[in-house]
Amino acid sequence: MPPPKDVVKIAIQMVGAIPQLIELQQTKPLASVLKDVCDAWSLPNAERYALQYVDGRQTFITESNRGEIKNGSILRLTTSPDQEAERLYSGIQSSNSDVKTDSLKKLASLSQDVTFAQEFINRNGLKQIFHIVEEGNDTGEMLAHTLKAFMELMDHDFVSWETLSAAFIKKIVSYVNMNAVDAAVQQLSLSILENMVPTSRLLFELVKKEVTLDRLLTHLQVTNAQLQLKAMALLIALLLAATDAERRDMMDYLREKNIRQFIHKNIIHSPEPLGDEMAHYLYVLQSVSINLCERRMRTSMDPYSQEQRELLQSLRQTAFESESEAPASNFSTERRRSLCAKEFRKLGFMNNSNPAEDLRRAPPGLLALDNMVYFSRHTPSAYSRFVLENSSREDKHECPFARSSIQLTLILCEILHVGEPCSETAQAFYPMFFGQDHFFEELFCICIQLVNKTWKEMRATHEDFDKVLQVVREQITRTLSLKPTSLELFKTRVNALNYSEILKLRQTERLHQEETLAVPVLELRERLKPELLELIRQQRLLHLCEGTLFRKISSRRRQDKLWYCRLSPNQKVLHYGDVEEGVHSPPIESLPEKIPVADMKMLLMGKECPHTKEKSSGKQNKDVLELAFSIVYDVEEYCLNFIAPTRYEFCLWTDGLNVLLGKEMTSERTQTDLDVLLSMELKLRLLDLENISIPDTPPPIPKPPSNLNFCYDFSHAEQ
């Protein structure tokens with residue numbers, strides 16, 4: 001008979017004593033349980049003790065979290081959180097330097113526990129930490145433990161960052177701005193400032209004023225990868241908290257200081273592999289920079305703006321100023337207007353009498369005009385060649401420069417996600433972005449020449465305009481997916497991917513995706529499906545056995561907490577636990593937490609997950625929602641919450657968990673894998689039928705012959 005749900009079998013340890021094996025009744029008050037444990041070891045004053053996990057984060061057991069205790073858990077009898085808080089509160093005020101350092105080290109460790117943190121803060125412990133920082137002159141180990149403890153205590157959100165004193169903030173800023181400071185102290189100081197910046201406008205302005213961009217750039221140039229990472233994190237926090245005008249000024253200053261070239265050379269091409277966090281920060285920096293184009297993209301052209309009209313006229317003058325033998329000023333107004341309209345038509349404007357109308361559509365708005373002007377001024381020979389070459393073609397075969405530029409600008413905005421908010425988890429940045437100033441404009445210059453090249457290869461007419469731009473979009477996206485490291489390399493590759501190559505790629509992909517619709521083949525597909533689905537199920541379970549590294553994302557965007565989860569080789573228990581940065585495949589014995597597969601009840605995904613509902617008060621992030629899933633186990637109150645690192649991992653884990661629950665695999669990856677396997681298996685089975693058409697219906701069975709004399713009579717076989 002299975003044990004009751006409210007009883008768990010656990011072991012309790014104490015230094016110098018024989019461990020106790022007890023059956024913990026979850027309905028029994030924790031104070032009574034502690035009294036029984038203390039009585040068994042003849043310990044008085046049971047109220048001074050508490051139970052604590054031996055493994056993992058060593059969390060204290062309370063009435064609120066005792067339901068998480070599993071069968072087989074190992075606990076330790078230790079001093080209660082309030083007693084520890086009292087002892088450490090006194091210890092950090094000690095005049096003995098060694099006692100004070102040890103107390104601060106212990107405080108930094110215990111502060112990860114929410115129960116202890118509450119007790120310490122209730123004793124006004126933060127005030128004492130402020131005093132140590134504000135009054136102390138130490139910049140070594142003691143200060144590092146103090147700042148670490150402060151970070152852990154603040155991480156529980158019991159105290160607002162806005163309550164910090166000016167003296168404390170000034171001291172933290174000084175550690176960032178000083179040169180002769182321990183690297184660990186500077187890392188923690190940068191992390192503290194990073195967490196302060198998003199909480200209030202006042203703190204943002206204070207940090208922006210005190211920690212200059214020059215100082216952050218100095219930290220980015222050090223060889224210490226962790227210090228470099230924390231400096232980048234603070235820079236990104238400042239950029240995200242700034243107003244549009246401030247962000248523009250900051251990015252202009254960073255451009256003057258050649259931050260892109262430095263990142264391209266020293267971070268992207270560093271001998272050390274790029275970590276996930278740094279990749280995310282580079283993605284955000286790229287996104288923030290590209291989004292500076294949004295204002296121009298969403299602004300329509302104003303036909304009454306003198307500045308905008310002059311930019312438009314400059315396009316015409318650059319292309320045709322040497323064509324007119326007589327100066328335009330000698331012509332009558334009507335003649336001059338007719339000449340301008342003719343030239344604007346040659347430039348490819350749809351409305352040649354009033355070309356400003358073509359730029360009224362937003363997006364791409366004025367961004368298209370900016371790109372055309374940049375192209376005409378920075379590559380005048382290529383610009384003139386484009387316009388004059390198409391002017392000499394037949395009307396129906398000329399490639400309209402202006403119309404193409406407007407549509408191409410819109411395509412680039414869509415590909416580069418201009419105007420879209422930054423994802424909280426994405427890491428997809430383009431290395432070539434950091435190797436080039438005026439990235440968007442330079443990319444446009446390459447791609448507009450690609451439009452003309454593709455137009456000629458396709459022998460296109462005006463009716464083919466949309467088709468040509470569709471091919472160009474495909475050329476750009478395929479080349480960007482290769483992650484070229486420079487614009488020169490992008491230019492080489494995108495030009496090599498000509499129209500005939502695109503047709504070959506499309507044909508190859510079509511052949512891969514093509515399915516024979518003959519009835520016998522469809523029947524064969526259905527027969528093969530169960531066997532291949534079983535193969536996919538086994539692959540999913542093997543992936544769960546290998547395990548995956550997951551990140552914990554808090555409301556303040558910190559992504560530095562890692563945990564690992566894997567399925568046991570016998571596929572009966574899920575093991576999980578916190579791990580340190582750099583650990584990629586921890587042994588199953590090092591993961592202290594367990595969930596028996598038999599106890600799993602349900603799989604939740606997306607908005608149904610409790611950890612996404614908890615964050616519903618803030619701005620819900622679409623990316624996180626798409627990667628979130630939870631396992632409900634034991635009774636429905638208990639959940640293990642996941643945020644997958646990628647969509648691929650999300651599909652494999654949700655499929656694997658559904659297999660363990662005895663349910664169908666529902667991810668899009670299952671259908672993709674099944675289609676690939678079916679396609680391969682069918683091709684192998686039908687190799688002998690190549691170039692033979694398969695009829696929809698089987699051929700009719702012929703009538704039996706009138707006699708069977710042609711049959712061999714085995715009874716008269718030779719003796």
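Strand S7 (residues 573-579) and strand S8 run antiparallel and are joined by 4 bridges; strands are DSSP runs of E with at least two residues, helices are runs of H or I with at least four residues, and both are numbered from the N terminus. The structure is a predicted model, in which local features need pLDDT of at least 70 and side-chain atom pairs count only at pLDDT 80 or more, whereas totals for chains, interfaces and linings use all residues. Residues are numbered from 1 along each chain as its sequence is written, and side-chain values use heavy atoms, with hydrogens and water left out.

Leucine 574 has isoleucine 595, in S8, as its bridge partner. Two strands are taken as paired if DSSP finds at least two bridges between them.

Among the helices, H21 (residues 439-458) packs against H22 (residues 465-480) at an angle of about 125°, with the axes 10 Å apart. Axes are lines fitted to C-alpha atoms, for helices over the stretch in contact, and angles run from 0 to 180 degrees between N-to-C directions. H21 is therefore oblique to H22, a class that holds angles other than those under 35 degrees (roughly parallel), over 145 (roughly antiparallel) or 65 to 115 (roughly perpendicular).

Aromatic pairs number 25, where rings of Phe, Tyr and Trp (its six-membered ring) pair if their centres lie within 6.5 Å, with planes under 30 degrees apart counted as stacked, over 60 as edge-to-face and the rest as tilted. Phenylalanine 375 and tyrosine 383 form an edge-to-face pair, at 6.0 Å centre to centre and 90° between the planes. Tyrosine 383 also forms an edge-to-face pair with phenylalanine 401, at 5.3 Å and 70°. Because tyrosine 383 lies in helix H19 (residues 380-391) and phenylalanine 401 in helix H20 (residues 401-415), this pair ties together parts 18 residues apart in sequence. Tyrosine 383 is buried at 0% relative accessibility, and phenylalanine 401 is buried at 2%; buried denotes under 20% relative accessible area, exposed over 50% and partly exposed in between (1.4 Å probe, protein chains only). One aromatic cluster is formed by Phe550, Trp563, Tyr576, Phe629, Phe642, Phe650 and Trp653.
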